[in-house]
Structures are given as structure tokens and as C-alpha cells.
Amino acid sequence: MSKKRIVVTGMGVVSCFGNDVEQFYNQLLEGKSGIVPIKNFPCEDYPTRFAGTVRDFDAGDYMDKKQARRVDPFICYTIVAGKKALEMGNIDLEKLDKKRCGIIIGSGMGGMSVFSDGVDTLLTKTYRRLTPFFVPYIITNMGSALLAIDIGFQGPNYSISTACATSNNCIHAAAQHISDGSADLMLCGGAEAPISPIGLAGFVAIKALSTRNDDPTKASRPWDRQRDGFVMGEGAGVLLLESLDHALARGAPIYAEYLGGSVNCDAYHMTAPREDGQAVANCIEMALANAGIPKERVNYINAHATATQVGDLCEIRAIRKVFGSHAHNIKLNGTKSLIGHGLGAAGAFAALAVIQAIRTGKLHPTLNLEDPEPELEGFDCVPLVAKDHKVDVALSNSFGFGGHNSTLAFTAYKE
């Protein structure tokens, strides 16, 4: 049996660079940092006081105004990005078989703001004052569920939560539903809204964050010897995936082709990756096998590259293991250097960047890569300035706490 082809026919985003995919990628190409001081709550006594925050967000006509005020921001981001993906895909909801349309949009942390506010209510008032929406608005599946209720999609619908690998896991699972014939069309990706007192404090407590408060735009430094931790980001990214047959039948715009992917686990440590990168190497090899392509076709990797001491280099070691001498023909870049680490949304942001790179023939720079680690010798990580590059096959890597690894492969669509 020939493998069913799957294409990307729409994209949606909510980010520190706004809610438009073209604007999002243009600002990445310009090398503009989206990292700013946190203003939405007092954090003067925190050792980290900056992030890639979503600013001036307005759900507009994409959500009922009353519901938008009630739900956790991660749900708002999910619904807006999901509907924007449908918009970009020229979807006419009335012409779809909604029983064959599904949604898998996950979150690593879920409704952090609603949870925190609820705990505060419990401690300072009484359990009787707790909102009846408390549980529905903190659980990670509710973004997908409320979006489905809104647009009527009755196909596969759930969330996957694998920390920072969440989005890639969701995209991979959505593609599998199309591949096995249980869906024609899937919205998939990730959303996160962790920039709150409890979210910031949690990552401060494990000493994972940069403390470069004197110059936040210089704080996210993947592969740089002066890196001192990651920078938090937030928002949502959503892809509209369809079987090629379904897309062609409705005359859909096609922005890229999804070739395949894989997921696995380090089975090593709760927060630290295997330093030798072997499990990541295995994941990349499985993705190439699933995509059915030789490794020599890969010439771009959007790396996980969070700017942590161990994580950055274990990914480089994995790439060397898999690609050998061909690794030096592959361009790498780190989207998190510009927008921070979107946690459960990070893989979706990376997928958007990959698809836009395929479409435009331009790679955004890795910001702040001024003093590269010696292990980067021979690699082109697109430091500081964007580059023209005709992408053949691109990989997008995402790894999460718990040892969750995921790799996706995309290429330009050709008939």
C-alpha cells in the first residue's frame, strides 16, 4: 500500500509577535527579539523578570466576549489560533463532513491562571466561592473541546501533554489519524499561558531560567557559551493538516507537505536529557524512516535549542550521530532565541517557522549566538542574521521534561 500523503493547508498563531503568521515570521527574519520585562503582575523580587509575553491580546470576533473573559488564556489562544488556521485554509465549515474532522491541541501546563486564582479563593475566602468553571478551565483538553463545540468538529478530539514536546506529539498524532483513515482533516498544535506568578515561580525554583534582567533581549542564547538558562514564552500555534486527496478535492491552498515523524523517551531523568544524545538520535532516525527519506535530503533543522547548558549540546551530539559528515551540510537555527520557550506551544511555533522557511526560502537567525560552543564547529546555526536557503527536507525537534522526544519532517509540496 502506498503511504497516504498529508499536507499543511492552514496555520494559526498567537504570539509575542502578534496573531498573524506572516507578521510572526517576518519579525523572526528581522532578528527582532520578542522578550520584554513582565508587566502583567509584580515580580520585582523574582530573580527573573522578563519573558516572551503575549501583549495586547484581544480575541476579537473569534470568541464570545463573555467566554473570553472567563476562560484561562491558554484556551483563548487555542481557539483564536485554531480559527485563524481554518481561515488561512479557506475552510467552509458548511461543506465539511464534520464527523471526519478532529482537533488535537495540547498544553504542557493547562489553566495555570485559573488554577492559581482558585487556590487563592480557597485559602482567603471559602470553598463556596470557588467558580464552578474551575475544573473545566484548568484541564488541558478543554481548548480542543471548546473549539470543537464552537465549530462542530466531531472527529478525534483530545489533548496530549508531554511538557515541551506537547505540540509535536499532537501534530504527530493528528497525522496518524489522517494516515489510518479515521479523519480527513485535523487541527493540531499546542497552547500555553504560563507567565503568571505561580508559573514564573515554578521555573525559578528549579533554576531553569536566565537571570539576565539587565538586557532581556540578550537573555535567550542557544549554543552560546554565555547562556544561563531559558526564557519563558507563551501563546499558541496550530496547523491544519489534511489528506492530499481531501485538500485537492476542495481546492485548498497547500503550504507544505508533512512527511512523517516519531516520538520516544530518554527513560533517564525527570528534567535532564541524556548527555550523549542517543535517545534523541534514535528519535530522529525513526522520523526519517517514517518519512521514507534518506538522511542526505535533510538540509535544515529547527532545533529545540532552549539555551540550557546540557540540552543544547546533547541535541548537537545527536545530530552528529545520525548524519555523520552530512551534518555540516545542514543549517540549524533556534526560534526560542527570539520568542522564548513556549513550553507546550514551542513545537508548534517551530513547525510554523519551518513551513515559512520552506515557503520563503529564508531562514531566520539564531539571535545572541556570539560566542559559540566549541562543539558547534562545522555547523551553520545561522547566527545573528537571516539567510537565504532552499529547503529540501526540514526537521523540527522538540524535547520535554520526562525525557519526551519528538521529531517531525516537512518538505515543499510537489504534485
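Reader: At what angle do the axes of helix 1 and helix 13 cross, and within what distance do they come?

Author: In this predicted model, the axes of helix 1 and helix 13 cross at roughly 85 degrees and come within 10 Å. The two helices are therefore roughly perpendicular to each other, as angles of 65 to 115 degrees count as such.

Reader: Which residues meet there?

Author: Helix 1 contributes Val21, Glu22, Phe24, Tyr25 and Leu28. On the side of helix 13, the residues are Phe349, Leu352, Ala353, Gln356, Ala357, Arg359 and Thr360.

Reader: How many of the residues in that contact are nonpolar, polar and charged?

Author: The contact of helix 1 with helix 13 holds 8 nonpolar, 2 polar and 2 charged residues.

Reader: Staying with helix 1, which of its residues are buried?

Author: Helix 1 covers residues 21–29, and within it Val21, Phe24, Tyr25, Gln27, Leu28 and Leu29 are buried.

Reader: And what do the buried residues pack against?

Author: Their partners are strand 1 (6–14), helix 3 (73–88), helix 12 (336–339), helix 13 and strand 11 (362–363).

Reader: What caps the N-terminal end of helix 1?

Author: Asp20 does, with a side-chain oxygen 3.1 Å from the backbone nitrogen of Glu22. After helix 1 comes Gly31, which has a positive phi near 70 degrees.

Reader: Where is Asn19, and is it buried or partly exposed?

Author: Asn19 is in the loop between strand 1 and helix 1.

Reader: Which residues does Asn19 contact, leaving aside neighbours within four places in sequence?

Author: With those neighbours set aside, Asn19 is in contact with Val13, Val14, Phe57, Asp58 and Lys84. The C-alpha atoms of Asn19 and Asp58 are separated by 9.6 Å, and these two residues are 39 apart along the chain.

Reader: Let us turn to helix 7. At what angle does it pack with helix 13?

Author: The angle between helix 7 (residues 166–179) and helix 13 (residues 346–360) is about 65 degrees, and their axes are 5 Å apart. Helix 7 and helix 13 are therefore roughly perpendicular to each other.

Reader: Which residues make that contact?

Author: Ser167, Asn168 and Ile171 of helix 7 make the contact with Ala346, Gly347, Ala348 and Ala351 of helix 13. By class, these residues comprise 4 nonpolar, 3 polar and no charged.

Reader: How many residues of helix 7 are buried?

Author: Of its 14 residues, 12 are buried, so helix 7 is largely enclosed by the rest of the structure. The buried set consists of Thr166, Ser167, Asn168, Asn169, Cys170, Ile171, His172, Ala173, Ala174, Ala175, His177 and Ile178.

Reader: What span should helix 7 have, and how far apart are its end C-alpha atoms?

Author: At 1.5 Å a residue, the 14 residues of helix 7 should span 20 Å, and the end C-alpha atoms are 20 Å apart, which agrees. Helix 7 is followed by Gly181, with a positive phi near 85 degrees.

Reader: Next, where is Ala345, and what does it contact beyond its sequence neighbours?

Author: Ala345 is in the loop between helix 12 and helix 13. It is buried, with a relative accessible area of 0%. Leaving aside neighbours within four places in sequence, Ala345 contacts Ser167, Gly190, Ala191, Glu192, Gly235 and Ala236. Ala345 and Gly233 are 112 residues apart in sequence, and their C-alpha atoms are 8.7 Å apart in space.

Reader: What is the phi of Leu343?

Author: Phi of Leu343 is near 55 degrees, a positive value in a residue other than glycine. Leu343 is in the loop between helix 12 and helix 13, and at 3% relative accessibility it counts as buried.

Reader: And what about Leu384: where does it lie, and what is its phi?

Author: Leu384 lies in the loop between strand 11 and strand 12. Its phi is positive, near 70 degrees. At 42% relative accessibility, Leu384 counts as partly exposed.

Reader: Lastly, is Thr366 buried or exposed, and what is it in contact with?

Author: Thr366 is buried, with a relative accessible area of 0%. It is found in the loop between strand 11 and strand 12 (387–388). Leaving aside neighbours within four places in sequence, the contacts of Thr366 include Pro222, Trp223, Leu332, Asn333, Cys381 and Leu384.

How values were computed: Residues are numbered from 1 along each chain as its sequence is written. This is a predicted model: local features need pLDDT of at least 70, side-chain atom pairs count only at pLDDT 80 or more; totals for chains, interfaces and linings use all residues. Side-chain values use heavy atoms; hydrogens and water are left out. Axes are lines fitted to C-alpha atoms, for helices over the stretch in contact, and angles run from 0 to 180 degrees between N-to-C directions. Helices (H or I, at least four residues) and strands (E, at least two) are DSSP runs, numbered from the N terminus. Angles under 35 degrees count as roughly parallel, over 145 as roughly antiparallel, 65 to 115 as roughly perpendicular and the rest as oblique. Contact means heavy atoms within 4.5 Å. Ala, Val, Leu, Ile, Met, Phe, Trp, Tyr, Cys and Pro count as nonpolar, Asp, Glu, Lys and Arg as charged, and the others, Gly among them, as polar. The expected span of a helix is 1.5 Å times one less than its number of residues. Buried means under 20% relative accessible area, exposed over 50%, partly exposed in between (1.4 Å probe, protein chains only). A polar contact is a pair of N or O atoms within 3.5 Å; within protein, one must be able to donate a hydrogen and the other to accept it, and residues adjacent in sequence count only if both atoms are side-chain atoms.
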